[in-house]
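Please look through the sequence and the model first, and then follow the text one region at a time.

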Amino acid sequence: MSQTAVQNPDAKGTDTVLDVELRKVFKVFNGETAVRGVDLEIHQGEFFSILGPSGCGKTTTLRLIAGFEMPSAGEVVIQGKSMTYVPPYRRPVNTVFQSYALFNHLTVWENIAFGLRIKGLPKAAIAERVKETLKLVKMEAFTNRFPTQLSGGQQQRVALARALVNRPAVLLLDEPLGALDLKLRKEMQVELTNLHQDLGLTFVMVTHDQEEALSLSDRISVMHEGKIEQIGTPSEIYECPQSAFVADFIGDTNLFGGRVFALDASEIQVVTETKMKMVVQKQSASMSLNPQEAVVVSVRPEKIQLNLEPSCVQGNCFEGRLKHVMYLGTHVHCVVELTSGDRITVKQPNTFASLPDPQTPVYAYWTPKDCLVLACRDTA
Amino acid sequence: MSTQISSPPTPPTPKSEPQASPTAGRWLGYLGLLGPAGIWLGLLLVLPTLVLFELSLVPGLEPGGLVNPSGLENYLRVFEPVNLLVMKRSLFFAGGTTVICLLLGFPVAYWIALLAPTKWRNLLLVGFVLPLWTSSLLRTYAWITILRYSGVLNTLLTSPNPWLSNLGLPTIPRLELLNDWPAVLIGMSYGYLPYMVLILYASLEKLDRRLLEAASDLGANPIQTFCQVTVPQTMPGIAAASLLVFITGLGDFVDPELLGGDSTMTISRLIYNQFLKTNQWGFGSALSMVLIMLVSIAIALLLKFGDRSAAS
Amino acid sequence: MTNDLRLSQFYPTRRRFLKTAAAAVSGLALSSCGWTLAQVRPKPPSNKKTGANKKLYIYTWSSYTDEDLLKSFTKETGIEVIVAVYDSNETMLAKIQIGGGADYSIIYPSDYMVRQMRDKGLLLELDQDRLIGLDNLLPQFQNPVYDPGNSYSVPLSWGTTGLIYNSKTLKQAPEDWDYLWEQQQVLSRRITLLDDVREVMGATLRMLGYSYNSQDPAQLEQAYKKLVSLKPTIASFSTDTWKEQILAGDLLVSMGYSADAVEVAKENPSLQYAIPRSGTSLWTDTMIIPASAPNRDAAYDWINFMLQPAVAAQVCERLNFATPNQVAIKQLPPKVSENLSLFPKESVLEKCERIIPLGKFNQVYDRYWTQLTSS
């Protein structure tokens, strides 16, 4: 049940074994559809994240895998076996719950031993595995404490240990770091990565924190309103969002609504609603666009350059005026109002000798390669 | 010394009274909050108990007799075999009722708290508590009507039953439940079940359902989850409800008297008899003191073992 | 403004209350070395009750009064009657001893209780000149053993104790106490005995050939053992509740008072009354005035009212207890006066005994009783 042979975690070819599959899964609660036809394939040994804003159905998706919810339609397959209606206690998965759900009537040791005791393992084996797992999460010193006597980070480790000690095929993590402060969260992120690499287990993590998802995951699926918007590696998701929602949700971006004005083999020209003309390099996401189709142009703030002089290089260069300048330490965050009336945000490395004054006339510039054009088919 | 160390850094003044007195004053002020209830308890609980204790030390005290505490004879009488038997029986009734109420009440409270549709919950609870709105005496009389020799239950059981006769089975004999211990257990359990359900409900409602999911996730089937998570988690509620039923049951007078017939003398009935029938006030007081001790022991046990998680 | 007023009114009241409470507490504490429990002092009659002269408080058995009786008294005297009831002499005594004597002007104790209360000084010696119609009583009630010369009490009713049985369901009718032991198989858990130590122990003693008032420990031990052997057959000890149960058919035999026997026989004629052959207890219920009674004039009025032959006859017929008033008996319809349950033959009465209080020896009875009812 828990063989989980260690694979090269980077291997994502079609030949790898699938640990979790969701096939056209729907979940309806009292007439509200939380999950609408989700298809997922999670490979053995990968760190997979489900990312989305709250209410997007990501936690429900995880609960469907864990077995706490039964799908209204569709199929859940774990390690090749259909588990759609199998109760949670017969699934080879374990969950690390949001805010941990530790048993406060049991000690740390008893919490971790819970699953093994239920399985009826001999005492010696339990003791050995609990000890081993305590060491893994560095909690050997807290064996006899009760959860209420532990800090948040320590509780997090116990929750991890309690799940891992059962050697599940898939480890499900529901917003595992959500309750921790920033510093602790960074530390635990590193530890999660290490654990994942050491154990070679399949991790499925639900989070609303895009940074966490981008830094930890092998692949990410972005969910929105019960549907999967995009599945891909962190860089695919960030660099090539396939919808305006993903572009907007992952990182910051400037979006301009408009229509396709002209197409050629390598470039697309778009006229925005505010009559700006933009040139965008053609990419896979924009292959199927038609002339006059309603589109959105997305430019990341860090890809925009601000100059005091108009730039003569071919590309997108617009005149504007600085509205706000926000000092962020490593970066300076600027809001620029273009002559067209659009407001854009620009993230500049902190190389200024002194911060520019608001109302300074500036020119915003970006190359066709640095922006994306996305069809507005689903998000209006 | 340790108090000085832990106190906030103050200049080493030998007389720390200026610091201490405002705190003490505030403390006394808060004590004033206890005033009304304190007077109430003092006059109506502590004082009468002390008087009762004094009476219990007067051997053979009758009403109108001189209260001159002089010995423990009354207490020695308490430990005569027949009185020990009565106490044992009282404990059996109270304990049996507690167990029955727990077995019947837990599933109900569990169902209402965790499984029933939310909008029905209050209605279900009210429905369960509804019997408490009628007089307990009336409810006991209702049980007499049901359990008696010619009562509702026996009429139902012994009425010609086509299924039984078709199967060639003999008819059910009349049950002689009234005037014996089963009737007492039935009556008491019925009377205290609502209290049990209410307290357990309050406890189960607070139960963190994610803990149930966590247990299920770790491989525990519903029965294992129930035994290893639900029960320990609601232990304070279980203990409180059981204690309430047990103590009330120990002092119950009406049910044993009306339903129990001739062989169900309990400690509370015995006390009643000492005061109102045989006029043995000294002995009655001693019995009362023993009853108070029994209840105190039950509470002490609860405080010591009832709530492990809260204690930690 | 109104709030301030109320506050200023409140404080003195509370202070007064606290002062009283403190006095009460210290009084108790100071005297606790040798205080008497609920000492009964004849209180001066409170003006609340005497001033109006309109209310008479009676403490009685539940079946001894009814609306009509009270109404006709009020009509005759203009005094309103308020009734409280008790279900055993001992309960009544306990209440009077803790000071309830000042609450009632008339109480109805049984014969042995009259003696007990008299010995404790709880009774008012009656002013014979104020009683009208005592000479109407049967000769044996003119000078009863429990209260010679009726100086503290006036007999109101009398009767016997016996067995009430269902003549339809029982093949063999009881004739004596030993019937209960012989028929244990048939009677299993369908009999009741009175919830009264002296009646139950006395009947057993009598069956064994001893006196109702035996003070011989060996005889008592023998009677107790006899009762223990009967215990599995007994459904309960009850003074009142058996009536409803025997009417419903739940019981086969109940030990009860003749007055109650007549009452249930009215409702179900197959419920018959047997006075055991070996003898039974003869009881008299009386009217007394507590030493601390308020409104004594009204109390005398009540006694005299009840002594009227016409009233006594009516009450006898309506409330089913035998009157000791021989003039009244003559006024009764033959159906009542010839009822052998109410007025047994002289030959039967000769074998009956009165229960008399035994002082300290009562405790021996009580011990056996506790033993019997508790095991």
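Which residue follows α2(A), and what is its phi? The residue is A:G120, which comes after α2(A) with a positive phi, near 75°.

This is a predicted model, in which local features need pLDDT of at least 70 and side-chain atom pairs count only at pLDDT 80 or more, while totals for chains, interfaces and linings use all residues. Residues are numbered from 1 along each chain as its sequence is written, chains are lettered from A and ligands numbered from 1 in the order in which they are written, and side-chain values use heavy atoms, with hydrogens and water left out.

**Chain A as a whole**

The secondary structure of chain A comprises eight helices and 20 strands, where helices (H or I, at least four residues) and strands (E, at least two) are DSSP runs numbered from the N terminus. Of the 380 residues in chain A, 52% are buried, a word that stands for under 20% relative accessible area, whereas exposed stands for over 50% and partly exposed for what lies in between (1.4 Å probe, protein chains only). Chain A exposes about 17300 Å², with carbon and sulfur atoms supplying 50% of that area; accessible areas come from the Shrake-Rupley method with a 1.4 Å probe, and for residues only the protein chains shown count as cover. Among the contacts in chain A with a separation of 6 or more, 65% join residues 24 or more positions apart, a contact being heavy atoms within 4.5 Å.

Helix α2 (residues 108-118) of chain A is largely enclosed by the rest of the structure, because nine of its eleven residues are buried. Among these buried residues are A:F114, A:G115 and A:L116.

A:N166 is found in the loop between α4 (152-164) and β7 (170-174) of chain A, and it is buried, with a relative accessible area of 6%. The table lists its polar contacts (pairs of N or O atoms within 3.5 Å; within protein, one must be able to donate a hydrogen and the other to accept it, and residues adjacent in sequence count only if both atoms are side-chain atoms).

| Part of A:N166 | Partner | Distance |
|---|---|---|
| side chain of A:N166 | side chain of A:K119 | 3.0 Å |

A:Y89, found in the loop between β5 (81-82) and β6 (93-96) of chain A, counts as partly exposed at 24% relative accessibility. Leaving aside its neighbours within four places in sequence, A:Y89 is in contact with B:S216, B:G219, B:A220, B:N221 and B:P222.

**Where chain C meets chain B**

This contact takes 42 residues from chain C and 41 residues from chain B. The buried area, that is, the accessible area (1.4 Å probe) that two parts lose on being put together, summed over both, is about 3500 Å² between chain C and chain B, with 52% given by carbon and sulfur atoms.

Three salt bridges are found across this interface, each a side-chain nitrogen of Lys or Arg within 4 Å of a carboxyl oxygen of Asp or Glu. The side chains of C:R367 and B:E80 form a salt bridge, at 3.5 Å from N to O.
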